[in-house]
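Reader: Please take a close look at the aromatic rings in this model. I would like the geometry together with the cut-offs behind each term.

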Amino acid sequence: MNNNYTSEKNEKSISMSRFNPILASRALWQIRVRKRPFVLSHGVNARCNMCCKFCEYWKKTGKEPIKEEIFKLLNDAREFGIGVYNAWTVEPLLRKDLPQIMAYAKGIGMITSMVTNGKLLYERAEELGDVDYLSVSVDGIKSYKEIRRMDFETLLKGLKKAIEVRKLQKQKNPILMNCVLTGKNLDDIETLILLAKKLGVKVSFEPVHEFPGINGETWNEIGIRDMKKFRNTVDRIIELKKQGYPIINSKTYLRMVRDGEMNYKCRASGVIINVTHDGTLETCRVQNEPLGNVIWDGFESVWKNSEEHRKEIVKNCPGCLFFGYAENSLMQSFNPEVLMHYEWM
């Protein structure tokens, strides 16, 4: 039998085995009928323990919400129809009360996810039993220390512990290693994919987004400048996906990344809602356009009052290749390949 056919069949079987019709129905009703987002991506804190020079989020300091304020926000979000709670930016594991926050979100019926840089993963892995989907930023292997200013072995130690702990906790969903493709790590990508398979985790890729607030010197160092090498690397990712390696990106998305083409209609703001640590609702990570404050006014009011503003922002947006935004937009456009293999909200 053709190996590519076997890999495609296995991919489809894995994806369909995780398909949850009740969740899918809830998401479809919220997004398509009520025309509201289903995922809340929440800046649960305002501190970072890495402060990478290519990142802007750690610069936005301010008073963090107390646990009770977050509980209130979660209740409001649930009433609004949110079904998935994602804790991220700047580094969620710096919050001592993070396990209670995730437990509360799960207790009111939300699916929970979290994005971490992994620096504290070894110390806190046992506390993440209420995190359904755990994503760890792994931007290379040999290049990791130069990019993140931390030894890769420190990250790997935490990652391995988290894998073992989640097995003991009988967590169904594998950990995701999220890798941002830069000019620094292209030689590491195939090795990273092989590591993902060895560890029994998933891996995703997205190209670095050159935010205008970061200086040009940084982008000359980190940015993707050797386009031939970049395209060859993405072609290799596509080939390894076809061979059945645990890459969760769709081939449709990966081809867009390779070619630098954003040929999709952005529906991100209709699927994922961004809320900063101070309660500001934003259209998305790229625009960072404030729409109102959900702590003061509530999700319902801010969403309703910002309708025209949101439409204008989306209309004028040049687009991006952020993984979550592009893949969710492709799914909402009923792209067959994305629908068939979709694994991660």
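Author: Rings of Phe, Tyr and Trp (its six-membered ring) pair if their centres lie within 6.5 Å; planes under 30 degrees apart count as stacked, over 60 as edge-to-face and the rest as tilted. The model is predicted, so local features need pLDDT of at least 70 and side-chain atom pairs count only at pLDDT 80 or more, while totals for chains, interfaces and linings use all residues. Residues are numbered from 1 along each chain as its sequence is written, and side-chain values use heavy atoms, with hydrogens and water left out.

Ring pairs link Phe 80, Phe 299 and Trp 303 into a cluster. The structure holds seven aromatic pairs. One of them is stacked: Phe 71 and Tyr 104, 4.1 Å centre to centre with 10° between the planes. Phe 71 belongs to helix H3 (residues 67–80) and Tyr 104 to helix H4 (residues 98–107), so this pair ties together parts 33 residues apart in sequence. Helices here are DSSP runs (H or I, at least four residues), numbered from the N terminus. Phe 71 counts as buried at 18% relative accessibility, whereas Tyr 104 is partly exposed at 26%; buried means under 20% relative accessible area, exposed over 50%, and partly exposed in between (1.4 Å probe, protein chains only).

Phe 80 lies in helix H3 and Trp 303 in helix H13 (residues 299–305), so the pair ties together parts 223 residues apart in sequence. Both Phe 80 and Trp 303 are buried.

Key: Helix = DSSP H or I, 4+ residues; strand = E, 2+ residues; numbered from the N terminus.
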